Amino acid sequence: MNEQALIQDAQGGNLDAFNTLILHYQDSVFNTALRILGDEDQAADASQEAFISAFKSISSFRGGSFKGWLMRTVTNACYDELRRQKRRPTTPLEPDTEDGEEMDSPRWLADPNMTPDQKAEADEVEHAIQHCLNNLPLEFKTVVVMADIQGMDYTEVAASIRVPLGTIKSRLARARLRLRECLQGFAELLPASYRLEDGINVS
Amino acid sequence: MNQRDLELLSAYLDGQLKPSESAHLESRLNSDPQLASVLTDLRATRNLLRKLPARKAPRNFTLTRKMVGQNPPLPRAYPWFRFASALATLLLFFSFGVNTVGRQMASKAPVFGMGGGGGASEESTELFSAQEAPAAPAAATEAPILETGPMPTQMSTEAADAARIVDTPVAKNAGETENAVTADQVQSSAPLVSSTWQIALAVIAIGGMLFMVLVRQISARRWK
């Protein structure tokens, strides 16, 4: 895929070229939205909105990391979605069990190719991490999702959300610390290799 | 542990420290087990996040032209047809308005004594009444005579005279004046914009609209 050529074509209004870019990046965009919002349906809506918005404003893309630019668009779409939720709170979309209670673990999100044991373990870990991510302040969550989940480097994240590099370093460190503290509460769920040691006191 | 050390450890984990900073931190890590323990925890946390399963998008997010509001390219003449059709529609409505106002003005004209036709009409009405008035008592006085029955010839003569009153020169004048007034009214209530123009405007407006619909459909079909 010649990304640069596709971007130029898309900037000229070629929707097919932009759709090729969408097919390449849609999983990353969706995962970012999913981790920020914590809900699959909302993440799908935010991703769709982000791609529409990205196509309409692609002429403003002046080079650099296209993925970073897309991530900025999707985080903005997620912020919009969160603002909407604040204005009009809704009930969670997690399915109910047969008893009519909400599922503790999002098994309905699991990869169907895993064995039952793997699925159970992954579900527990994923649920624990998502729970801890949901408790992070939005600006911390955005940085940790981009850096640790999407694997973007510091400069890419800084350019994407337009904050100084030092702020990215600080937010990432504090986000990791908060996640570590939160995940201690799920110690029994985590595989032995991921168990964390107790007690970091940061002054 | 302070905030500065936490940021150093986090950046060290990602290889974001300068070589000199890294060397200094590594020497501290060797001598400070608590610092080393925090680094282990942060690394475990980062690994957990990295191991988080990547979800596949539940559907393709590819865009349609409708979603982004793209319209099919239209011929260059299209805006001219649109303009002509819109202008013709406006003029058509304007012509209806002008004709309606003109008709109302014409019907109000006699009431306000406007124009010679209106004055003549009033005058003629009075004249006509004046001429008719004597005829009516004449007819009324004749009625008892008819009932009593005497002098049938006299009755018929008087009735004929009464009937002849209408043919007097004054009555003839009144009749002509009335005819003139009617002609004036007809002339003044004639539409200011002729129906030929209105039909032409309607043809342009409707034809333009039909052309635009057709062109849009053809363009959309070709675009697909």
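The reply below starts with one group of helices and ends with the contact between the chains.

Reply: This is a predicted model, in which local features need pLDDT of at least 70, side-chain atom pairs count only at pLDDT 80 or more, and totals for chains, interfaces and linings use all residues. Residues are numbered from 1 along each chain as its sequence is written, and chains are lettered from A and ligands numbered from 1 in the order in which they are written.

The part in question is helix 7 (residues 154-161) of chain A, whose buried residues are Glu156(A), Val157(A), Ala158(A) and Ser160(A). Helices are DSSP runs of H or I of at least four residues and strands are runs of E of at least two, numbered from the N terminus. A residue is buried if 20 or more other C-beta atoms, placed from the backbone, lie within 10 Å of its own. The cover over the buried residues of helix 7 of chain A includes helix 4 (66-87), helix 6 and helix 8 of chain A. After helix 7 of chain A comes Arg162(A), with a positive phi near 55°.

Two of the covering helices also meet each other. The axes of helix 6 (residues 138-149) and helix 8 (residues 165-184) of chain A come within 9 Å and cross at roughly 95°; axes are lines fitted to C-alpha atoms, for helices over the stretch in contact, and angles run from 0 to 180 degrees between N-to-C directions. Helix 6 and helix 8 of chain A are therefore roughly perpendicular, a term that covers 65 to 115 degrees. On the side of helix 6 of chain A, the residues in contact (C-beta atoms, placed from the backbone, within 7 Å) are Glu139(A), Phe140(A), Val143(A), Val144(A) and Ala147(A). Their partners in helix 8 of chain A include Ile168(A), Leu172(A), Ala175(A) and Leu179(A), as well as Arg171(A) and Arg178(A). By class, this contact has eight nonpolar, no polar and five charged residues; Ala, Val, Leu, Ile, Met, Phe, Trp, Tyr, Cys and Pro count as nonpolar, Asp, Glu, Lys and Arg as charged, and the others, Gly among them, as polar.

As for confidence, chain A has a mean pLDDT (the predictor's confidence in each residue, from 0 to 100) of 84, and 77% of its residues reach 70 or more.

Chain A also touches chain B, with 42 residues of chain A in contact with 37 residues of chain B. Helix 3 of chain B gives the most to its side, with 12 residues. That side of chain B has 17 nonpolar, 11 polar and nine charged residues.

Terms used
Parallel < 35°, antiparallel > 145°, perpendicular 65-115°, else oblique. Contact = placed C-beta atoms within 7 Å. Buried ≥ 20, exposed ≤ 12 C-beta atoms within 10 Å, placed from the backbone.
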